[in-house]
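Me: I have a structure open and would like to go through it step by step. Could you help me read it?

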Amino acid sequence: MILVTTPTGQIGRHVLDALLAAGDAAGPLRVIVRDPERLAPRVRARVEVVPGSHADPDTVAKACTDVDRVFWLVPPQPTADSVEDHFGAFTRPLVDAIERQGVERVVGVSTLGRGVAVRAGQISASLAMDDVIRATGVHHRALCPPYLMENLLHQTGALRDRGVLAMTAHGDRVLRTCATRDIGVTAARLLLDGTWTGQDDVPTVGPDTLTPEGMADVVSEVLGRPVSFRRIGDAEYRAALLAAGASENWARAVAELSAATDEQGFYGVTVPSTPDTAPTSFRRWCEQVLAPAVRA
């Protein structure tokens, strides 16, 4: 049996859709979800639902009964007092399930930067989580994307009303990207394959070598209106996170993440694309996802 966490999230829902599309090949499916009502009726009719959080040991233990494959993703929690404790709280129940209930394979969402990232906030915490999971000896694949295209969906209002694309990254440095659907499809493919063994990273890097300024140009062409790039300073970005309700620790960690990806280069031009795991171009994503959201 396959267990899917975050089935209503921006990656988890694509995992679940791909598994449901596989039909009988997927076998029985189970999900952990905080609010079952957020699942579409067609989904609820085809999966076993375990209500609750996958940070709760009892919920995870119940959900992992007779499960041999798990899709694992730690959801963001901007109000968390500690980024490290947040990741740790989600990791411990999974480790217990691996050791006590015989989970054989885990496909998790991680990040690029292993062996390179230093003081990188949530990236460092995610990579540390992988290490804890792998220490159990479970067969493990870590999906490792760079910057998620879907992050730009937070800017639909600014794009629509002011024609501005804002990031903390330098406008003239390549920023590699990935669409969440590609991550979900790749995760589902691994979950459907019960033959792989060992522990490895699976990069999911899209085909583009665009700078943020180049991304703004593509968005402008797709929307048919002028869009300019604006770089956000670290202090401004942190202040915006705090104003939105993030904790001091979470805001600091996000600022460290942004600085690390920009300065240490592990989301940059030297990273090769991986067409088998991340085929979606930025232009195609803008046409299919961003433009409809801006025009809604």
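Reply: Let us begin with a term: a residue is called buried if its relative accessible area is under 20%, and exposed if that area is over 50%. Please keep in mind that this is a predicted model.

Me: Then is Gln122 buried or exposed?
Reply: Gln122 has a relative accessible area of 9%. Because the cut-off is under 20%, Gln122 counts as buried.

Me: Where does Gln122 lie, and what does it touch?
Reply: Gln122 is part of helix α5. Setting aside residues up to four places away in sequence, Gln122 touches Val83, Phe87, Trp250, Ala253, Val254 and Leu257.

Me: Which backbone atom does the Gln122 side chain reach?
Reply: The side chain reaches the backbone nitrogen of Val254, at 3.3 Å.

Me: How many bridges join β1 to β4?
Reply: There are 3 bridges between β1 (residues 2-4) and β4 (residues 69-72), and the two strands run parallel. Val4 stands opposite Phe71 in β4.

Me: New topic. How many aromatic pairs are there?
Reply: The count comes to 2 aromatic pairs. One of them is formed by Phe266 and Tyr267, which are edge-to-face, at 5.3 Å centre to centre with 85 degrees between the planes. Phe266 is buried, with a relative accessible area of 6%, and Tyr267 is also buried, at 8%.

Me: What about Phe282 and Trp285?
Reply: Phe282 and Trp285 form a stacked pair, 6.1 Å centre to centre, with 25 degrees between the planes. Both residues lie in helix α11 (residues 282-295), 3 residues apart, which is about one turn of the helix. Phe282 and Trp285 are both buried.

Me: And which ring does the charged end of Arg105 sit over?
Reply: The charged end of Arg105 sits over the ring of Trp196, 5.6 Å from the ring's centre.

Me: Now Leu165. Where is it, and is it buried or exposed?
Reply: Leu165 is found in strand β8, residues 164-167. Leu165 has a relative accessible area of 0%, so this residue is buried.

Me: Which residues is Leu165 in contact with?
Reply: Leaving aside neighbours within four places in sequence, the contacts of Leu165 include Leu152, Leu159, Pro212, Met215, Val227 and Phe229. From Leu165 to Ala179 the separation is 14 residues in sequence and 18 Å in space, C-alpha to C-alpha.

Me: Last one: what can you say about His14?
Reply: His14 is placed in helix α1, residues 12-21. His14 is buried, because its relative accessible area of 13% falls under the 20% cut-off. Apart from neighbours within four places in sequence, His14 is in contact with Thr180, Arg181 and Gly184.

Technical notes:
Residues numbered from 1 in each chain as written. Predicted model: local features only at pLDDT ≥ 70, side-chain atom pairs only at ≥ 80, totals over all residues. Heavy atoms only, no water. Pairing = 2+ DSSP bridges. Helix = DSSP H or I, 4+ residues; strand = E, 2+ residues; numbered from the N terminus. Phe/Tyr/Trp six-rings, centres within 6.5 Å; stacked < 30°, edge-to-face > 60°. Buried < 20%, exposed > 50% of the residue type's maximum accessible area, 1.4 Å probe, protein only. Lys NZ or Arg CZ within 6 Å of the ring centre and 35° of its normal. Polar contact = N/O pair within 3.5 Å; in protein donor to acceptor, adjacent residues only side chain to side chain. Contact = heavy atoms within 4.5 Å.
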